[in-house]
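Visitor: I'd like to learn how to read this model feature by feature. Could you walk me through it?

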Amino acid sequence: VVTPFAANHERCEAHVTTQVIDMGEHPARAVRQKKDSSIVVGCRLVKEGQAAGFFSAGSTGACLAAATLVVGRVKGVQRPALAMPLPAPSHPVLLCDVGANADCKPAYLVQFARMAGIYAERILGIPNPRIGLLNIGEEDEKGNDLAIKTHALMAKQVPGFAGNAEGRDILTGDFDVVVCDGFTGNVMLKTMEGVGKFLLKSLKEMFLSSTKTKLAAGLVKGDLGQMKKLLDPSEVGGTPFLGIQKPVIKAHGGSNARAIENAVLRAKEYAESGFIADIQANIEHMRVQPGMEKN
């Protein structure tokens with residue numbers, strides 16, 4: 001039960017809800033049955049224009065279902081996708097999809113690539129982004145059936161397509177956008193989170209292991225802080241569902257206060273960017289023509 005609270009700000013208004021969507025519930029069923037849950041109410045307020053965007057750290061499936069069923073997809077978008085900026089040498093690399101669509105068709109990945117390319121330009125400030133398809137090798141015919149068919153379509157329909165990107169290429173900066181299905185992207189994202197935590201823990205243990213390394217740690221303290229910030233997912237905060245008519249931002253279920261702060265800032269940035277209008281204006285160029293997927 002949510003208790004009403006006093007908001008001492010003219011832009012703050014409490015909307016009390018009486019239902020909760022649990023992490024283990026069937027997403028679409030929960031959204032249809034629990035219309036007074038915070039996820040559904042928040043998305044409804046966005047659809048009605050009472051809010052510029054919606055943010056949640058709750059169930060990804062429920063957020064996707066509410067974004068699709070309540071707010072609605074941009075007409076012509078087949079599946080919304082989650083896009084996550086990852087650290088790279090000169091500027092972030094956008095990984096898309098990172099969890100919204102476990103099963104994909106080549107046409108979905110083509111749209112992900114086009115939407116993510118516009119996001120990289122509009123939000124990340126990367127002109128003419130180089131777009132790669134996540135695969136197990138650089139050659140055009142590498143990978144499973146999905147990868148091979150998607151590569152052929154992206155070569156024809158995606159401006160800036162630069163071929164296959166292997167897992168080791170993601171953080172090098174050789175590609176500005178890397179596209180994959182949501183199952184693969186989510187595994188990749190959480191693997192990177194785990195590696196980041198392992199590296200930071202190992203460095204901390206090493207620097208505390210002796211007097212000599214403790215003195216060294218003092219000399220590089222500022223640099224270590226920058227490294228920690230670079231690897232910390234809370235610095236990104238949240239990721240938008242690309243292809244939804246209005247901003248819906250999803251954060252990690254274990255988000256801390258810093259992550260939530262940054263996710264709200266991402267929602268504001270996304271709402272003001274003009275990205276959604278760009279998707280609507282270019283949707284005809286993102287469609288895979290009938291029969292092309294079979295070629």
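Visitor: Which residues have the most contacts inside the largest nonpolar core?

Guide: First, the ground rules. This is a predicted model, where local features need pLDDT of at least 70 and side-chain atom pairs count only at pLDDT 80 or more, while totals for chains, interfaces and linings use all residues. Residues are numbered from 1 along each chain as its sequence is written, and side-chain values use heavy atoms, with hydrogens and water left out.

Guide: Now the idea. A nonpolar core is a set of buried Ala, Val, Leu, Ile, Met, Phe, Trp, Tyr and Cys residues joined through side-chain atoms within 4.5 Å. Buried means under 20% relative accessible area, exposed over 50%, and partly exposed in between (1.4 Å probe, protein chains only). Here the largest core has 39 residues, and F112, M154 and F275 have the most contacts inside it.

Visitor: Which elements give two or more residues to this core?

Guide: Elements are DSSP runs numbered from the N terminus: helices are H or I with at least four residues, strands are E with at least two. The contributors are β2 (81-86), β3 (93-96), α4 (106-122), β4 (131-134), α5 (145-157), β6 (177-179), α9 and α10 (275-282). The largest share, 11 residues, comes from α4. There's also a second, separate core of 36 residues, including I39, L95, V98 and F175.

Visitor: What does F112 touch?

Guide: Contact means heavy atoms within 4.5 Å. Leaving out residues up to four places away in sequence, F112 touches R79, P80, A81, C96, D97, N101, C104, V179 and C180.

Visitor: Let's turn to a strand. Is T239 buried or exposed?

Guide: T239 belongs to strand β7 (residues 238-242), and because its relative accessibility is 4%, T239 counts as buried. Its contacts, again skipping residues up to four places away in sequence, are L82, A83, M84, V248, I249 and K250.

Visitor: How many salt bridges does the structure hold?

Guide: Look for a side-chain nitrogen of Lys or Arg within 4 Å of a carboxyl oxygen of Asp or Glu. The structure holds 8 of these salt bridges. One of them joins R258 and E261, at 3.2 Å from N to O. Those two are 3 residues apart in helix α9 (residues 257-272), so about one helical turn separates them. R258 is partly exposed at 34%, and E261 is partly exposed at 43%.

Guide: Another pairs R44 with E48, their closest N and O atoms being 3.5 Å apart. R44 has a relative accessible area of 34% and E48 has 45%.

Visitor: Where is E25 found?

Guide: E25 is in the segment before α1. Its side chain meets that of K34 in a salt bridge of 2.7 Å, N to O, and E25 is partly exposed at 24%. Beyond four places in sequence, E25 touches V20, A30 and K34.

Guide: G24 counts as exposed, at 77% relative accessibility, and its C-alpha atom is 8.1 Å from that of S59, 35 residues apart along the chain.

Visitor: Last topic: which residues line the largest cavity?

Guide: On a 1 Å grid over the protein atoms alone, a cavity is a set of points where a 1.4 Å probe fits but cannot get out, and lining residues have an atom within 4 Å of a point. Grid points are joined across faces, edges and corners, and a volume is the space filled by probe spheres set on the points. The count comes to 1 cavity of 30 Å³ or more, and the largest holds about 30 Å³ of space. Its lining is Y119, I123, P240, I249, R266, E269 and Y270, with α9 giving the most, 3 residues.

Note on methods:
1 Å grid on protein atoms, 1.4 Å probe; cavity = no way out; pocket = protein on both sides within 12 Å on 5 of 7 lines; lining within 4 Å.
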